[in-house]
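Hi,

Here's the structure I promised to pass on. Have a look at it first, and then read my notes below.

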Amino acid sequence: VPLNQIKIPLDSVAEISTHDGSESTPMSDSSTDDKRRDAARTCLDEGMRAFKAAAFEEAADCFEKGRLRLGERGWEIDHDTMLKLCSEGANARYVTGDIESAQQMVDEVLSRDISIQEKFRVYEVKMLVEQGSGRHHESITLGIEVRRQLGLPTPPNKPVSKFAIFAGYLKTSFLLYGRTVEELAGLPDLNDETVKMGQRILELMCTSCFQAQPTMFPLLVFLLINTTLEHGINASSCDGFTGFGVLLCGVLGKPQRGREMAEVAKLLLAKPNMERMKCRTTFICEGCINHWTSPIKDTIVPLIEAHRIGLENGDVESAGNAAGFCLTGCFHSGLPLEKYFLKQAAAFHFGLQGDGLDGPALQELQVISIQKHVLFVNRLRGIELENDQLDFDDIFRYADENRDKSL
């Protein structure tokens with residue numbers, strides 16, 4: 001069995017594979033720190049390549065092996081490599097659904113006496129774990145605390161008055177007034193690492209606020225855009241412009257201006273280092289903005305492609321949302337239910353359950369996003385539920401237990 005397919009317990013003896021293909025030999029106590037360091041860095045590089053190739057299980061195993069190579073003195077031997085192995089390992093385990101292992105690595109990093117900047121990656125993973133487990137308020141609270149440690153202000157986790165939302169809208173609209181799509185997309189890049197971290201936290205908080213604290217969502221969107229205008233563009237800026245587009249279309253009755261915000265976000269996707277935003281930005285643009293000004297059927301193909309990209313990038317949440325919006329479009333555009341709708345639903349369900357992705361991040365909410373549409377269509381077709389299928393009461397119960405106002 002190839003080494004990258006073997007799950008090694010953390011308390012087992014670390015091994016190094018010889019270059020001549022012979023049996024692996026234990027790394028003895030006399031091994032130099034340089035050898036341990038080189039072996040761990042090799043595992044880190046292999047893990048990063050595997051993750052980029054969507055081989056998430058293999059990536060997680062590589063990161064774990066790297067930690068074993070460094071041994072009990074790993075943090076002392078090579079602090080930076082150990083930090084990356086734990087941080088990226090936690091993210092890989094989260095994507096594969098191994099929440100317990102992800103949390104263990106998160107806790108290991110957070111227990112170290114290191115800076116907030118060094119802990120930032122695992123804070124991201126911890127927020128994702130909370131979201132995937134339906135604990136959106138906990139994720140919001142954690143995001144506020146991380147931004148506090150970064151020295152950045154954040155609205156409190158509580159309902160927001162209409163007056164405060166309107167005041168924020170007026171300020172943001174004033175800052176955007178007269179700026180074209182091309183001008184906004186051509187803003188300089190964001191170079192301040194602390195601000196980048198703060199923007200990423202706002203991006204994660206927007207997901208939870210949309211589900212659990214919806215009146216807070218506009219304030220985070222305004223903060224994302226205002227920070228972008230002041231400091232520059234990064235990947236999280238996409239969420240600012242698409243979020244503002246959602247508000248313009250769905251709340252303020254300005255669909256054309258909302259579509260312009262979507263166009264800004266799409267232009268940003270052509271910039272370097274934007275790969276992780278492609279699925280997320282596409283499902284928001286097509287599912288929440290463009291259908292106001294274009295035929296719904298025009299959104300279906302981009303959403304199918306977004307679902308594929310999300311699974312390849314490990315963005316399971318966005319892949320599930322893309323699937324849900326695609327099925328909504330299939331239904332409302334009048335496509336044949338039996339020949340197209342149900343076939344596409346089955347393909348989405350299989351995609352979410354494949355590739356070793358089998359954890360709370362998709363077993364519940366993301367699968368429900370598909371099943372609720374199938375349930376609705378089957379009701380219209382007069383088809384009775386099977387014993388193990390969710391009905392609407394089950395879905396409402398899940399939404400109530402998780403305080404998921406969006407669902």
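Before we count anything: helices (H or I, at least four residues) and strands (E, at least two) are DSSP runs, numbered from the N terminus. On that basis, the chain has 20 helices and two strands.

A word on where this comes from: it's a predicted model, so local features need pLDDT of at least 70 and side-chain atom pairs count only at pLDDT 80 or more, while totals for chains, interfaces and linings use all residues. Residues are numbered from 1 along each chain as its sequence is written, and side-chain values use heavy atoms, with hydrogens and water left out.

Two overall numbers first. Buried means under 20% relative accessible area, exposed means over 50%, and partly exposed is in between (1.4 Å probe, protein chains only). Of the chain's 407 residues, 51% count as buried. If we take contact to mean heavy atoms within 4.5 Å, then among contacts between residues at least 6 apart in sequence, 66% join residues at least 24 apart.

Now for a helix pair. Find α10 (residues 193-212) and α11 (residues 217-231): their axes come within 9 Å and cross at roughly 160°. Axes here are lines fitted to C-alpha atoms, for helices over the stretch in contact, and angles run from 0 to 180 degrees between N-to-C directions. Angles under 35 degrees count as roughly parallel, over 145 as roughly antiparallel, 65 to 115 as roughly perpendicular and the rest as oblique. So α10 and α11 are roughly antiparallel to each other.

Which residues in α10 meet α11? They are Val195, Gln199, Leu202, Met205, Cys206, Cys209 and Phe210, and their partners in α11 are Phe217, Leu220, Val221, Leu223, Leu224, Thr227, Thr228 and His231. By class, the contact of α10 with α11 has eleven nonpolar, four polar and no charged residues. (Ala, Val, Leu, Ile, Met, Phe, Trp, Tyr, Cys and Pro count as nonpolar, Asp, Glu, Lys and Arg as charged, and the others, Gly among them, as polar.)

On to the aromatic rings. Rings of Phe, Tyr and Trp (its six-membered ring) pair if their centres lie within 6.5 Å; planes under 30 degrees apart count as stacked, over 60 as edge-to-face and the rest as tilted. The structure holds six such pairs. One of them is Phe222 with Phe244, which is edge-to-face, at 6.1 Å centre to centre with 75° between the planes. Phe222 sits in α11 and Phe244 in α12 (residues 237-250), so this pair links distant parts of the chain, 22 residues apart. Phe222 is buried at 4% relative accessibility, and Phe244 is buried too, at 2%.

Another pair, Phe283 with Phe325, is stacked: 5.9 Å centre to centre, 20° between the planes. Phe283 is in α14 (residues 278-289) and Phe325 in α16 (residues 316-332), so the pair ties together parts 42 residues apart in sequence. Phe283 is buried at 8%, whereas Phe325 is partly exposed at 26%. There's also a cluster, made up of Phe166, Tyr169, Phe222 and Phe244.

Most residues other than glycine have a negative phi. Ala54, however, has a positive phi of about 70°; look for Ala54 in the loop between α1 (33-52) and α2 (56-70). Asn273 has a positive phi of about 65°, and its place is the loop between α13 (255-268) and α14. Ala54 is partly exposed at 28%, while Asn273 is exposed at 65%.

Cheers
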